[in-house]
Amino acid sequence: MGIVSKADCAIFAAGDEVSPEIVQNYIQTNTFIITADAGYSACVRCGFSPNLLVGDFDSLAAPLTDAETIKLNPVKDDTDTAVAFQEAVKRGFRHIVLFGATGGRLDHTYANFDLCAFAAAKGIELLIADNHHKIFALKDEIVTIEGDETKYVSVFAVGGSCTLSLEGFYYPLKDYTFTPFCGLGVSNETTEPQAVISVKQGTALIIITDKDF
């Protein structure tokens, strides 16, 4: 699958706002835009109008808009962001970027990491993008990322053990099996113009971080 470069669907959640410059890198003229609750405000401040609003609107009063709106019961099993993601999948989108997924409540941030792993298991590309990170999950697949000496690349096993190889990294690995709660994969660096992450079994969460953050 790879990493989302252009989104067929963008979701704005209610965490830390992302700069308009970063948002515009992913959104195309035909990108379907969903806002999750207070993510509506961030979407509008970036200069976009949502196609769909989802939320229980406990952190933001339901905006006055002609856009399609799904109002949720505050007593529910999923977060507003998870429901927004589910709506995106129902509508056939497979290359999704999620903004506002980090910062704010740590439990919501963690839940959004889980969404990445869930998406990978379904064969859907979900990228969390903020001002300093790109976060995504890989399941039984190989991806190539651009080498960048200004970034750290960290790898974690999620949902069980994960066997993977890293090529073009300062700390290369060959068929190494990570287990959950293992910190070995933190703060690696690319050393080649292109670096390869090969997940041969299981699911890996990949976090690319600005070094100056």
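1. Lysine 211 sits over the face of tyrosine 152, 5.3 Å from the ring centre (the rule asks for NZ of Lys or CZ of Arg within 6 Å of the ring centre and within 35 degrees of the ring normal). Bear in mind that this is a predicted model, where local features need pLDDT of at least 70, side-chain atom pairs count only at pLDDT 80 or more, and totals for chains, interfaces and linings use all residues. Residues are numbered from 1 along each chain as its sequence is written, and side-chain values use heavy atoms, with hydrogens and water left out.

2. On to the aromatics: the whole structure has 6 aromatic pairs (Phe, Tyr or six-membered Trp rings with centres within 6.5 Å; planes under 30 degrees apart are stacked, over 60 edge-to-face, the rest tilted). Tyrosine 26 and phenylalanine 99 make a tilted one, at 6.2 Å centre to centre and 55° between the planes. Tyrosine 26 belongs to helix α1 (residues 20-26) and phenylalanine 99 to strand β5 (residues 95-99), so the pair ties together parts 73 residues apart in sequence (helices are DSSP runs of H or I, at least four residues; strands are runs of E, at least two; both are numbered from the N terminus).

3. Both partners are buried: tyrosine 26 has a relative accessible area of 7%, and phenylalanine 99 comes in at 1% (buried is under 20%, exposed over 50%, partly exposed in between, with a 1.4 Å probe and protein chains only).

4. Phenylalanine 32 and phenylalanine 93 are stacked instead, 5.2 Å centre to centre with 25° between the planes. Phenylalanine 32 is buried at 17%, as is phenylalanine 93 at 15%.

5. Ring pairs also join Phe12, Tyr26 and Phe99 into a cluster.
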